Amino acid sequence: MLQAPAAIEAGSYAKEMTDLIATPTEDSLPRRFSDFSTLPEALDYAARGVRGMNFCDARGTLARAYPYAELRHDALTYAYRLIARGVKPGDRIALIAETGPDFAALFFGAVYAGAWPVPLPLPTSFGGASAYVDQLKVQLESCDPLLLVYPGELASMADEAARLAGVDAIAWENLGAAKAPEAPLPEAQADDIAYLQYSSGSTRFPHGVAVTHLALLNNLAAHSHGMEVCDTDRCVSWLPWYHDMGLVGCMLSPVANQVSVDYLKTEDFARRPLAWLDLISRNPGTTLSYSPTFGYDICARRMSSQTKASDRFDLSRWRVAGNGADMIRPDVMQSFVDAFADAGFKASAFLPSYGLAEATLAVTIMPPGEGIQVELVEETELSGGLAANDGPQRFRAVVNCGKPARDMTVEIRDEDGGALPEPAIGKVWCKGPSVMVGYFRDPEATAACLVDGWLDTGDMGYMSGGYLYIVGRAKDMIIINGKNHWPQDIEWAVEQLPGFKAGDIAAFAITTPGGEETPAVLVQCRTSDPQERTRLREAIRDRVRSITGMNCVVELVPPRTLPRTSSGKLSRAKARNLYLSGEIQPLAA
């Protein structure tokens, strides 16, 4: 049984920090690369050093330094409070994942108590209070928690979702005020479940990914070895903690690999994206930071062509500019390089990767320093057809997502499960110690994607020279008259028209009233001029015809209409459902 540390008994970590000095980048504590049996063991070790978390305000100014020693103290105190409320090993504790010390302490506190924390999203990714309440209710019903803990400002929505799901709920301010009588703590085992993680697409039919301590620590070790973490590395992140890249890659990995990290809230990044780069520039130790493609895109677009990036930013020490969580766009990455090269940013810093919650996180990681590498693939190869002998050929630049992470094996398979040679395109399967044990209480869904320890990722790709290239999501493919079309090819083609940007377009297949299958393209439109809308429809229709050879249904919709997943990715499936149900109303002609 684990006992309370002397620090708790002495109260040596009472909240009395007033100097606001960030936790240091370097430490005399010998680095351990996630070679622990359990997550509590990892935090116990990190707490022996001086590194930790640092929380910044909307402008990137330090608001709270939170050493790992203080995090451990608070986590153990929360563990005692949870045990006092009757929490037992294996109980689920649902936590609204607001970036801050409360969530971090509650997450680790639940783990110390033997419970399974379940991070749930903030309302920023959803379409209003009622939609957010519905989403929370669905996920609460899925994970069946003993308790929902939430920040006080979300009380009305969280309490309503908990009531509908039949779950007890409490604001973390109230839980934090409860007594914490010392109690014996269960000793975690490597094969125990550490937490449940909902993937970014878990909305209507959520799947809680069960992640063991063994799987987690194995994947976190793969991060440190894959990124070649060293003693002078420091991390900056704005990624949400309810998504695997934010939670695993930017909260749990820094603890298990003893890296100091500076946080900007996701909603603050959304309002002031360049504050992310300000934070990287302000701290001379920052070398590691990750973002999906759209984060780099937003920053590049916010830079005025009349402004020199070097007048405001210094990105010369940014060693690993990680990229993952959605399709990596080489044109967007080049735009970022063009915008920030004079601030010292190096294209070789880009580190593409590929992963998913069902593999804990990382499946492949690009070796540091190799940057963005692309291969041009003819569209008929991407669609599974035969190369055309007549007419112009069209190619798509496919980004190299790196080599399999340490202890991970990747195979490309055909529809019958047979292994394919390089560079044939097929389903991406992976196997390794960090693959999930299954979906929580969903054996059918588990059996559908786990076969003899191999995980069917649901993505399509190919291997070339030992590197993985991702070409799309299998379920997103548009199949019409026996021919395959990738929706992103249609979307990216439309984005090339003036006035559009990444995320403005969603493409999917529908059945017309006449019974024919056809592509439908929803496009967020910012003009109210009827003639301009007519011109746009024709231009979009011509562009899609040039890609698919078919006419399509074009619908202009209001800005901010297309739905997003919790990680910010376009949700084509949800857009299609909302369109077909009439919840997305097209603009008038």
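Me: In which sense do strand β12 and β13 pair, and over how many bridges?
Reply: In this predicted model, strand β12 covers residues 320-323. One of its residues, Ala 321, has Phe 350 of β13 as its bridge partner. The pairing of β12 with β13 is parallel, and the number of bridges is three.

Me: Which helix makes a β-α-β unit with β12 and β13, and what is the handedness of that unit?
Reply: The unit consists of β12, a helix of residues 330-340, and β13. The two strands of this unit pair in the parallel sense. The helix is α13, and the unit is right-handed.

Me: Which strand is joined to β13 by three bridges in the antiparallel sense?
Reply: The strand in question spans residues 362-365. Gly 355 stands opposite Ala 362 there. This antiparallel partner of β13 is β14.

Me: Which residue takes a positive phi in the hairpin of β13 and β14?
Reply: Six residues lie between the two strands of this hairpin.

Me: How many of the six residues of strand β13 are buried?
Reply: A residue counts as buried when its relative accessible area is under 20%. Strand β13 runs over residues 350-355 and is largely enclosed by the rest of the structure, because most of its six residues are buried: the count is five.

Me: What is the strand order of the open sheet of four strands with parallel pairing?
Reply: The edge strands are β4 (116-120) and β6 (168-171), each of which pairs on one side only. From one strand to the next, the twist averages 25°. Strand β3, residues 92-96, pairs with β4 over five bridges, and Leu 95 stands opposite Pro 119 in β4. The order is β4-β3-β5-β6.

Me: At what angle do helix α8 and helix α9 pack, and how is their arrangement described?
Reply: Two packed helices are described by the angle between their axes and the distance between the axes. For α8 (residues 213-226) and α9 (residues 244-256), the axes are 10 Å apart and the angle is about 90°. The arrangement is therefore roughly perpendicular.

Me: Which residues in α9 are met by Leu 216, Leu 217, Leu 220 and His 223 in α8?
Reply: By class, the contact of α8 with α9 has six nonpolar, three polar and no charged residues. On the α8 side, the residues are Leu 216, Leu 217, Leu 220 and His 223. Their counterparts in α9 are Val 248, Gly 249, Leu 252, Ser 253 and Ala 256.

Me: Is Trp 276 buried or exposed?
Reply: Trp 276 is found in helix α11, residues 274-282. Leaving aside neighbours within four places in sequence, its contacts include Trp 238, Phe 269, Tyr 290 and Trp 318. With a relative accessible area of 0%, Trp 276 is buried.

Me: Is Asp 452 buried or exposed?
Reply: Asp 452 lies in the loop between β21 (450-451) and β22 (454-464). Its C-alpha atom is separated by 9.2 Å from that of Lys 431, 21 residues apart along the chain. A residue over 50% relative accessible area counts as exposed. At 69% relative accessibility, Asp 452 is exposed.

Me: What percentage of the residues in the protein is buried?
Reply: The protein has 18 helices and 28 strands. Of its 589 residues, the buried ones make up 58%.

Technical notes
Residues numbered from 1 in each chain as written. Predicted model: local features only at pLDDT ≥ 70, side-chain atom pairs only at ≥ 80, totals over all residues. Heavy atoms only, no water. Pairing = 2+ DSSP bridges. Axes fitted to C-alpha atoms, helices over the stretch in contact; angles between N-to-C directions. Buried < 20%, exposed > 50% of the residue type's maximum accessible area, 1.4 Å probe, protein only. Right-handed = clockwise from strand over helix to strand, strands pointing away. Parallel < 35°, antiparallel > 145°, perpendicular 65-115°, else oblique. Contact = heavy atoms within 4.5 Å. Nonpolar A, V, L, I, M, F, W, Y, C, P; charged D, E, K, R; others polar.
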